[in-house]
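Visitor: Could you walk me through reading a structure like this one? I would like the general idea and then the case at hand.

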Amino acid sequence: MIKSMTGFGKGEAAVGEKKFTVEMRSVNSKQLDLSLKVPGRYRAAEAEIRAGITRQLKRGKVECFVSVESATAVTSAHINREVFAAYAKQIKEACEESGLGAVSGLWNFEGHLIEAVLRMPDVVSYEEQQVSPQELEALLSAAEQAARNLNAFREQEGEILKNDLLHRVELIEGYKNEVEPYETARVEAIKGRIREQIEKLGIPVDSARLEQEMIYYLEKLDITEEKVRLKQHCDYFREVAASEEEPGRKLGFIAQEMGREINTLGSKSNQADMQILVVKMKDELEKIKEQVLNVL
């Protein structure tokens, strides 16, 4: 089954008053390139999230975003009220003793006092919040759901890719078949040009030897082998696309082999109509190569 490397997936899970949302986006890449953004509190679960995503998504440049919503405000910051009051008292007394108390109302003394006190040591402390097993399970469940949905998206895109690729392979075979009627005419045209040039030179020649040399020359221009191999590559392309689980790399190699045969056809064609068909084959092959880059 062909899968695209481009896709989007979203997963959600709730526990208590918290809701976890995981979103994944992917584009093509030679390997799995995973970028994971997790809220600081849940960084400890990052390794497990990565492992779960890696099991399901083999290749692609994947961006994963984890967000958490809570029905109640949650903060890890704690204000030590006793320490706050002690600092505030000391600052007020210092201002009054230095004579600043009389002008305090002119420059928003209270606002500056609060800001200064909050910056003093030990006024604000941060408690390390533990992630419960239920939260971790919900987070991993949302990540797994997002990966499954991304895979489902990739399968849908892959079916479209497959139909497009096989259509272009059929076009290449069609152009190859259109070449055949020009082969006989090309041989006769080449023979005629050779005889014409010899007659212009006015040199007597042995007809049997001339025929022998022309056969030898025309054998080098024969494209039967190239057509047979191109047909085999096209058949193998279809077989791999239909049967293998992750055929992207192999389809790329087959496309390269198809390109070699098409290039040889072009170099041997020696005829305008045949060369036009070869150009059309090359055009379709380039589109195949571009599409294969996005196949898993």
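Visitor: How many bridges join strand S1 to strand S2?

Guide: First, the ground rules. This is a predicted model, where local features need pLDDT of at least 70, side-chain atom pairs count only at pLDDT 80 or more, and totals for chains, interfaces and linings use all residues. Residues are numbered from 1 along each chain as its sequence is written, and side-chain values use heavy atoms, with hydrogens and water left out. Helices (H or I, at least four residues) and strands (E, at least two) are DSSP runs, numbered from the N terminus, and two strands pair if DSSP finds at least two bridges between them. Here, S1 (residues 7–15) and S2 (residues 18–27) run antiparallel, joined by nine bridges. Val15 stands opposite Lys18 in S2, and Gly16 in this hairpin takes a positive phi near 60°.

Visitor: Is Ala147 buried or exposed?

Guide: Buried means under 20% relative accessible area, exposed over 50%, partly exposed in between (1.4 Å probe, protein chains only). Ala147 counts as buried because its relative accessibility is 0%. This residue lies in helix H4 (residues 133–201). Leaving aside neighbours within four places in sequence, Ala147 is in contact (heavy atoms within 4.5 Å) with Met24, Gln56 and Leu57.

Visitor: Which residues have the most contacts inside the largest nonpolar core?

Guide: Such a core is a set of buried Ala, Val, Leu, Ile, Met, Phe, Trp, Tyr and Cys residues joined through side-chain atoms within 4.5 Å. The largest has 28 residues, and those with the most contacts inside it are Ile172, Leu230, Phe237, Leu251, Met258, Met281 and Ile288. Apart from it lies another core, of 22 residues, Ala147 among them.
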